[in-house]
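Open the model in a viewer and keep the selection panel at hand. The stops below go from the contact between the chains to single backbone positions.

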Number of protein chains: 2
Amino acid sequence: MKAGSVALTLGIAGVVLGTAIASCAGAHSGSPIGQPASAADPAARSLAPTTTARPASGALTSDEGMWLLNDFPSERLRERYGFAPTKEWLDHVRLSSVRLTLGCSGSVVSPDGLVMTNHHCAEECIAQLSTSKKDFVQSGFFAKSEKDEVKCPDIEANQLIEIVDVTARVNEATKGSSGAAYNDAQRAEISRIEKECTTTEEVRCDVVSLYHGGLYHLYKYRRMQDVRLVFAPEIGIAAFGGDPDNFMFPRYDLDVSFLRLYDHDHPVKTNEYFRWSKAGAKQGELTFISGHPGSTSRELTVSQLEYFRDVRLPAALVLLAFYRGILIEFGARGPEQKRTSNSTLLDFENNLKATKGRHEALLDRELFARKIAEEQELRAKVAADPRKAKLYGGAWDAIAAAERTMKRIRKPYQLLELGRGFSSSLFETARTLVRSGDELPKANEKRLREYVDSKLPALKQGLFSSAPVYDEFETLMLTTSLGQLREDLGPDDPVVKKVLGKQSPAELAQAVIKGTKLKDVKVRKALFDGGKAAVDASKDPMILLALLVDPDARNIRKRYEDEVEAVVKQQGELIAKAKFEIYGTSVYPDATFSLRVSFGQVKGWNENGTEVEPFTTLAGAFARDTGREPFALPKRWLAAKSRLNLETPFNFTTTNDLIGGNSGSPMINKEAEIVGLIFDGNIHSLGGEYAYDPRENRAVAVHSASLKEALDKVYGAARILSEIQP
Amino acid sequence: MKAGSVALTLGIAGVVLGTAIASCAGAHSGSPIGQPASAADPAARSLAPTTTARPASGALTSDEGMWLLNDFPSERLRERYGFAPTKEWLDHVRLSSVRLTLGCSGSVVSPDGLVMTNHHCAEECIAQLSTSKKDFVQSGFFAKSEKDEVKCPDIEANQLIEIVDVTARVNEATKGSSGAAYNDAQRAEISRIEKECTTTEEVRCDVVSLYHGGLYHLYKYRRMQDVRLVFAPEIGIAAFGGDPDNFMFPRYDLDVSFLRLYDHDHPVKTNEYFRWSKAGAKQGELTFISGHPGSTSRELTVSQLEYFRDVRLPAALVLLAFYRGILIEFGARGPEQKRTSNSTLLDFENNLKATKGRHEALLDRELFARKIAEEQELRAKVAADPRKAKLYGGAWDAIAAAERTMKRIRKPYQLLELGRGFSSSLFETARTLVRSGDELPKANEKRLREYVDSKLPALKQGLFSSAPVYDEFETLMLTTSLGQLREDLGPDDPVVKKVLGKQSPAELAQAVIKGTKLKDVKVRKALFDGGKAAVDASKDPMILLALLVDPDARNIRKRYEDEVEAVVKQQGELIAKAKFEIYGTSVYPDATFSLRVSFGQVKGWNENGTEVEPFTTLAGAFARDTGREPFALPKRWLAAKSRLNLETPFNFTTTNDLIGGNSGSPMINKEAEIVGLIFDGNIHSLGGEYAYDPRENRAVAVHSASLKEALDKVYGAARILSEIQP
């Protein structure tokens, strides 16, 4: 579904545009705590049968839910499917799952740390390892032996070790404060909690806000930054059908890649890994997915949804479509331009399609009327009880006022602080250096949240990444985004005048990209190690640009944090408490890019009166081949056709609830064996941002049988096959 | 404002995308009768003081209104401004005004047929007359003598000679019919009326539907197809500030061009022309604009507005932004690519900005609530009277049902029939030839509306135009639009499969553009003259493509006409009648690209607490000059600076009500003297699509004094000066 690798990663040039689904509460940090949070699911009280999660009162009536592993509805699952996962089962699943911090999920599938995820989750790495002479995105990659496995510059994998409830501690810290003080107190306490937990650089600790502030859980991970590429097929089969088929079904994609976890230059050894199912998934079979759904907005208030529907999503559509046009035409200039920009184009196309789907979901009047009715019901219950009315009654209006503020500051906030006016990875590097110089000397709990000690390993991985930087592409993106800066703020805006002077966006972009030395990792290291003094003494034009803009960016960020984020978080906590009191707590929280398990079954759906079968076969891919991108099967496939069992199931759909970030999630059966690999949702799943519709919402996976068939007959990848089915 | 030249022209490659503001009722024909129509202005019964047109009850409370010349509120104007235009005054204004059929307005300003309009209204012609060696768009154009004046390939000018009410005749023809029969009967009758009126090719007759079917007026024009370019400044000053400044104020644009009307190779002599004001417009002065506002949606029902807000405008935003990106990056390839695509880019940028403004207006909850309240009030009044309830009560629900149908057929209708899947002027030519072969042998009243006899002169002007066609640009547009076709209908759609086969969009586009001979006007003439037999025998690949798609295009058009258009028109007539009965008739109808006069005064506005002064000066342009596009003053201007009176008023704002199509309208005083030249509205005027807000809605014009100052001191255009101020 790709949204995983886009919508959930922030702070990278271009990719910052992909934040359409992240809520305003955390859109700039990329930190889980930055995610919005709220309380019990109003869908549980749905007025219509289409969104029936687990009602507080009883039986499961659909497969809705992205469930916490430490609050899993096992008994209810037994009622519905006759199977109740045990704690041991859940622990095994948790320890066999990994989060890929660029925004995806994955699973360990061998005792030697082999990780299976999607091709599109590793595509950035595959592109980074490619050169103009050898393009692994086009030709695929297969390390014949362990020594041929190559480190991915920017991939970090996390294995979830422990979950601790820290709600009381966080609440105690913010007691009695509001606005900026509330925010500062909470940030400081979370920084302390995370720092105490982060005993070594090989541990990652994130405080996760669940139910929009109803609970705060500390997630402790094993952090693995040495992740190497083992296998990737050609993009021609990984993304067969390209953008036209994205979010569609029937589908014919081998969207897989294999990575390996390393520790001190040796493969990570483990007993916690998923075995391979012999049979694979069958029609109607119970299936689980274990992964990291990035963000949902099912708990948001009506005013927040209105902001998305009327302001943020329309603006995102225009921006994404514009960049899509720019990138397509840039790629048409020549093969090298195509190679260096294609990964970004795919992200934008994926995000555009997903944003369209979300926007259409919010424009669905039935859905929106249900959201309004649910909120009105809750507010009426709150208003009917004087104690609740006093404690919680003002929360909705306060959030609505914050959303109005957000509407006013949206443009400068996105352009200056989220970097949409400066979409260049080199600018991002420069800003990180500038801010590192300013922030790191401060006490840990006083820093901007992405500079606290517990975040430094991730920050350094990005900052010192060996990923290649392409001047022409950087110039394109910076030129375009500076144009957006001038367009959105107006040519008379003081920041615009300060930044551009008399230069055109293209002139400025060319000058700073050509002049900067930040492409050299050694230069970055020297500036980072030299701290503020070195940064201030630098004459590097990109550093100068970042320094020039930083006061304005910090100002608007402060306004956002104090006047919007703090209000939304604090009032969100109140709404969460009201929901807990009124509806109970046995529902799942909105997605937060933390580990969840969803359940469902292999099933098609009815599309405008036509039954969509849940399976495709390898034969279908050959029938669909036109020889032209994006419907061109790779040569290896054409050559292997006669060897393949064409009736092998290729892709399939299930009712599992999922969202962007679940890309790469293992699809397992009740024996916790791999039966498939999640890579997409159908077009209706996009509305799952706001509500799960059991009639149409479907997950899309690669079938385990076709994975084996292809590894064997197309790629001759015996080394991998022997690992996953010893 | 450019919307004139975009939103109102149809059927030209790319430009078909610009139909965002045209209502669905007439989006494909470009014929005035195709425009939506409806009855008395609900704004007249506005619940808020912001949209107070002429209430049926009495005094004018704002300058709202685009008034018919044969129903002008002179007496009420006397009450408000102490001046009542006489019939002679109105006749003189009418005969001195011209409509430019590509979508603009203009005025005759000399006894020798000199016409003043905007640069952006003639820009397509200026580009067509340019070559890679001599780019008049960049360098400007000035015919030193009459013999240097050059014919514009595609411009037709119309002078309004007569207006006749034909309501009774049209109503009689459709009496008792509905659906397709209603539509066919009406079209046939209108074709008859227009044909009877069109006595020679130098007469143009259009039946205009006013008040969305409340009245049908026959507009009889003198048709002039020999229109020659006399003068155009550099685009650098005509559109100084470019897209960033479009719809903005303060402003510094010399957006003017001069054309000349010819008849049998001689300039048209006339006594009906606007004299030049000595003083120009002053603060607070009463001003009129006489022009052709293209289309407003002030009378649409709530379900129609919802369709615009939730379906059509969001889709248009995505499409326009996407093409904008494509075109910007295409233009960046080199100067020739820029030259051949820039005019289209400007159209798209203008239309994108305008569509954003309209969408934001519809998202304004206060405005939309008012629209709902107005409709509810009217429906309640209808429901309260059994006779009215029986006659009119079902109209709103019927239109809502038609809008739901429209939502379902929107994509294939736009792609196949409106040509968005085939954005190529050569495809458009091929389709016109294919359809001419099919349609012209039929009886006049049985033809598709754009092939009836009264439309043939315009059709031939386009078909046999000498305008250059650029293969690379055509290929770009066709490739992109074929990609849209596949994206929107899906790769498995039968039409998509039929069109593309195994080819990619780029392959097909390259093949047909390279292979077609339709660039040659002689080939077009031969196929047109040869009729169906010649077309069917043709092996031209573009003709074959048009033939391949035409059955599908006609099918979806028929569905649209029978199930949407016919319903909207017939039910719109009923609503118009109900409004006439309940609120009276003394209000203005929605804009229909027919001649209107609006009145107002020179006035700034208050922008978020800051007063915006209504005038800029020439000095401001020099202060804003950065030397870089789009803020680069032309060399001629820099050289002339010392000679110019820099205090000369340059641009100014008035309260006149206007919309796209008014581009090029003369701004006149009560002596009917030129005091300015309309070229834009401010950003708030975009909401004027739905309602006029007297607090903020402003017209933007070039001041008459700066026109003279520039012609004299920058361009040394004594020949023009002596004509306009003899």
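Select R365(A) and D310(B): the two form a salt bridge, with the closest N and O atoms 3.4 Å apart. A salt bridge here is a side-chain nitrogen of Lys or Arg within 4 Å of a carboxyl oxygen of Asp or Glu. Between chain B and chain A the count is 14 salt bridges. This is a predicted model, in which local features need pLDDT of at least 70 and side-chain atom pairs count only at pLDDT 80 or more, while totals for chains, interfaces and linings use all residues; side-chain values use heavy atoms, with hydrogens and water left out. Residues are numbered from 1 along each chain as its sequence is written, and chains are lettered from A and ligands numbered from 1 in the order in which they are written.

Next, select the side of chain B that touches chain A. Elements that give two or more residues to this side are α9, α10 (302–331), α11 (335–363) and α17 (471–489) of chain B; helices (H or I, at least four residues) and strands (E, at least two) are DSSP runs, numbered from the N terminus. The most comes from α10(B), with 13 residues.

Now show both sides together. In contact (heavy atoms within 4.5 Å) are 39 residues of chain B and 39 residues of chain A. About 3400 Å² is buried between the chains, 53% of it from carbon and sulfur atoms; buried area is the accessible area (1.4 Å probe) that two parts lose on being put together, summed over both.

Superpose chain B on chain A: a rotation of 180 degrees with 0.0 Å of shift along its axis does this, at RMSD 0.0 Å.

Leave the interface for the backbone. Most residues other than glycine have a negative phi, and most peptide bonds are trans.

- Select H212(A): its phi is positive, near 50 degrees.
- Select E629(A) and P630(A): a cis peptide bond joins them, with omega about 0 degrees. P630(A) is in the loop between α22 (618–624) and α23 (635–640) of chain A.

Key:
Least-squares fit on C-alpha atoms with pLDDT ≥ 70 in both.
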